[in-house]
Amino acid sequence: MSHMPYERWLFSDEPLSSEEQKALQEHLLHCEQCNLVFSAWGEVKRLLNSETAVEPTEGFVERWQIRFIEHQQREHERKANRHSWVLFIINLSMAALLFTFLLTQLLNIFGSPINLLLVGISHYATYFAFLAIVGEFFITVIKVTLSVISPTLWIVIGLILLLMNLFWLLSLRVLLSPWRLKT
Ligand SMILES: [Zn+2]
């Protein structure tokens with residue numbers, strides 16, 4: 001059986017005449033091979049025409065981009081982590097070096113570790129003595145103020161403090177109110 005010109009007609013984009021069409025239909029009824037070609041070609045044309053089958057699924061590009069950005073961020077964080085660890089180790093070794101240097105310098109100045117300890121203790125002792133003097137001074141000031149100020153003045157001061165407290169609370173409420181936080 002000859003399949004020409006039916007095969008050519010099948011693949012032709014040009015419209016067939018009614019006689020040609022009739023002949024083709026006739027041939028397709030009897031020829032299994034041309035029938036197969038006809039249905040296969042129809043399927044191919046359907047796939048080529050349907051955009052959904054060829055185009056990537058919706059949001060594919062966005063999802064891919066998001067994944068790519070996330071991947072980059074993870075890489076970046078890993079690198080930053082490594083950098084911060086390196087920096088930390090460098091800092092630690094610098095501090096250790098500095099500490100050793102200072103220690104040797106101090107030992108040079110004060111001779112032995114015991115001398116150094118004694119100097120340190122005397123420094124602390126003077127520091128605490130100074131604190132004690134300051135503390136005593138403030139206690140005396142407070143005592144004097146308490147004895148000088150009259151009870152009515154105390155009430156006024158108390159009221160002022162209370163008002164200031166209220167005002168502070170109100171302003172805090174206004175500052176932290178939801179409509180303000182939203183903007
Ligand atoms: Zn045929």
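Buried residues make up 1% of the 183 residues in the protein chain. A residue counts as buried if 20 or more other C-beta atoms lie within 10 Å of its own, as exposed if 12 or fewer do, and as partly exposed in between, with C-beta atoms placed from the backbone. The model is predicted: local features need pLDDT of at least 70, side-chain atom pairs count only at pLDDT 80 or more, and totals for chains, interfaces and linings use all residues. Residues are numbered from 1 along each chain as its sequence is written.

The radius of gyration, taken over C-alpha atoms, is 47 Å for the protein chain, whereas a compact globule of 183 residues would have one near 16 Å (globule rule: 2.2 Å times the number of residues to the power 0.38). Along the principal axes, the C-alpha atoms fill a box of roughly 125 × 65 × 20 Å.

The protein chain has eight helices and zero strands. These are DSSP runs numbered from the N terminus (helices: H or I, at least four residues; strands: E, at least two). Helix α7 covers residues 151-175. Of the 25 residues of α7, the number buried is zero, so α7 lies largely in the open.

C31 lies in the loop between α2 (18-30) and α3 (32-49). C31 is partly exposed, with 17 other C-beta atoms within 10 Å.

Mean pLDDT (the predictor's confidence in each residue, from 0 to 100) is 81 for the protein chain.

Methods: Expected span 1.5 Å × (residues − 1).
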